[in-house]
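Reader: I have the sequence and the predicted model open, and I would like to go through the terms used to describe it. Could you set each value against its cut-off before you draw the conclusion?

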Amino acid sequence: MSKKPIIVFEGIEGSGKSSHINFVSNYLKKKKIKFIKIREPGGSKSSEKIRRLILNNKSDFNKSTDLLLYLAARSENLSLLKKNYKKKIILIDRFVDSTIAYQHYGFGVDLSLIEKINRYLLKNIKITFTFLNIVNQKNMLTRLKKRKKLNRYDKFNFIFYNKVQKGFLKLAKRKTKIYKIVDSNKDLKKNKEIILNKVKMLIK
Ligand code: TMP
């Protein structure tokens with residue numbers, strides 16, 4: 001196993017993904033272990049510009065435009081990823097699986113098109129491990145209500161998010177060895193312990 005892995009955190013809105021990745025990054029900081037942390041869409045300066053455009057509540061792009069913008073945001077992260085690949089631990093808040101889960105399973109965009117562009121962009125860059133965070137409807141809605149600001153993608157109904165979550169689970173079931181499903185409906189402290197133990201193994 002690589003000592004400088006790419007570790008991705010995936011999941012629908014309110015699934016605890018961002019608090020789990022922040023927990024890991026705080027642990028690495030405390031231990032003075034070098035890493036970079038990015039989010040998608042976003043990450044590099046240019047990718048953050050594209051994020052603002054996609055998620056702006058006033059934007060009204062069609063599903064193909066959304067797909068191309070998410071991929072454009074990814075493309076703008078590639079030099080950062082290439083520069084650090086296998087040199088530093090890379091933590092990513094959403095990555096290629098989000099595009100498949102949201103754009104394909106959620107919006108019905110052609111899967112082979114998404115896979116082809118992802119392959120073209122990533123070439124030999126491989127994800128080492130993914131934490132897939134899952135949540136039920138009640139907890140998801142409770143968490144979303146606590147947010148001060150909702151973006152364009154925080155406002156779909158649970159039927160949509162449920163399709164997306166099922167999509168994520170299908171992806172996880174294909175490669176069980178490099179996925180850990182974290183049930184965020186369960187005890188937060190226990191989940192953090194599960195995640196940290198796995199991270200320690202990945203970076204050992
Ligand atoms: P978040 O960063 O607050 O989780 O919001 C990002 C939103 O973008 C989230 O609703 C998922 C969505 N998204 C896609 O639809 N496709 C993608 O490829 C990525 C990376 C994110």
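Reader: How many aromatic pairs are there by the rule of ring centres within 6.5 Å?

Author: In this predicted model, the count comes to 13 aromatic pairs.

Reader: What makes the pair of phenylalanine 107 and tyrosine 153 edge-to-face?

Author: The ring centres of phenylalanine 107 and tyrosine 153 are 6.2 Å apart, and pairing asks for centres within 6.5 Å. The planes stand at 70° to each other, and since an angle over 60 degrees counts as edge-to-face, the pair is given that name. Phenylalanine 107 lies in the loop between helix H5 (96-106) and helix H6 (111-122), and tyrosine 153 in the loop between helix H7 (137-145) and helix H8 (158-174), so the pair ties together parts that are 46 residues apart in sequence.

Reader: Why is the pair of phenylalanine 107 and phenylalanine 160 called tilted?

Author: The centres of phenylalanine 107 and phenylalanine 160 are 4.8 Å apart, with 45° between the planes; because stacked needs an angle under 30 degrees and edge-to-face one over 60, the rest being tilted, this pair is tilted. Phenylalanine 160 is in helix H8, whereas phenylalanine 107 is in the loop between H5 and H6, so the pair ties together parts that are 53 residues apart in sequence. Phenylalanine 160, at 7% relative accessibility, counts as buried. Phe107, Tyr153 and Phe160 are among the members of one aromatic cluster, which also includes Tyr70, Tyr102, Phe156, Tyr161 and Phe168.

Reader: How do you know that the charged end of lysine 123 sits over the ring of tyrosine 120?

Author: The charged end of lysine 123 is 4.4 Å from the centre of the tyrosine 120 ring, and the distance criterion asks for a value within 6 Å.

Reader: Which residues touch the most other members of the largest nonpolar core?

Author: They are Ile12, Leu81, Ile92 and Tyr102, in a core of 44 residues. H8 contributes the largest share of this core, eight residues. Leaving aside residues up to four places away in sequence, isoleucine 12 touches residues including Tyr102, Met140, Phe158, Tyr161, Val164 and Phe168. Another core, of 17 residues, lies apart from the largest one, with Ile7, Val24, Phe131 and Val199 among its members.

Reader: What makes H3 and H5 roughly antiparallel?

Author: Helix H3 (residues 63-75) and H5 pack at an angle of about 175°, with their axes 11 Å apart. Angles over 145 degrees count as roughly antiparallel, and H3 and H5 are therefore roughly antiparallel to each other. The contact is made by Leu67, Tyr70, Leu71 and Arg74 of H3 with Val96, Thr99 and Gln103 of H5.

Reader: Why is H5 described as largely enclosed by the rest of the structure?

Author: Of the 11 residues of H5, 10 are buried, so H5 is largely enclosed by the rest of the structure. The buried residues include Asp97, Ser98, Ile100, Tyr102, Gln103 and Gly106, and what covers the buried residues of H5 includes strand S1 (6-11), H3, H6, H8 and strand S5 (179-183).

Reader: Why is lysine 17 called buried, and what does lysine 17 touch?

Author: Lysine 17, found in helix H1, has a relative accessible area of 8%, and because buried means under 20%, lysine 17 is buried. With residues up to four places away in sequence left out, lysine 17 touches Phe9, Glu10, Gly11, Asp93, Arg94 and Asn133.

Reader: What makes lysine 32 and lysine 86 exposed, and where is each of them?

Author: Exposed means over 50% relative accessible area; lysine 32 is at 75% and so counts as exposed, and lysine 86, at 54%, is exposed. Lysine 32 is in the loop between helix H1 (17-30) and S2, and lysine 86 is in the loop between helix H4 (78-84) and strand S3 (89-93). Phi is positive at lysine 32, near 60°, and at lysine 86, near 65°. Most residues other than glycine have a negative phi.

Methods
Residues numbered from 1 in each chain as written. Predicted model: local features only at pLDDT ≥ 70, side-chain atom pairs only at ≥ 80, totals over all residues. Heavy atoms only, no water. Phe/Tyr/Trp six-rings, centres within 6.5 Å; stacked < 30°, edge-to-face > 60°. Helix = DSSP H or I, 4+ residues; strand = E, 2+ residues; numbered from the N terminus. Buried < 20%, exposed > 50% of the residue type's maximum accessible area, 1.4 Å probe, protein only. Lys NZ or Arg CZ within 6 Å of the ring centre and 35° of its normal. Core = buried A, V, L, I, M, F, W, Y, C linked by side-chain atoms within 4.5 Å. Contact = heavy atoms within 4.5 Å. Axes fitted to C-alpha atoms, helices over the stretch in contact; angles between N-to-C directions. Parallel < 35°, antiparallel > 145°, perpendicular 65-115°, else oblique.
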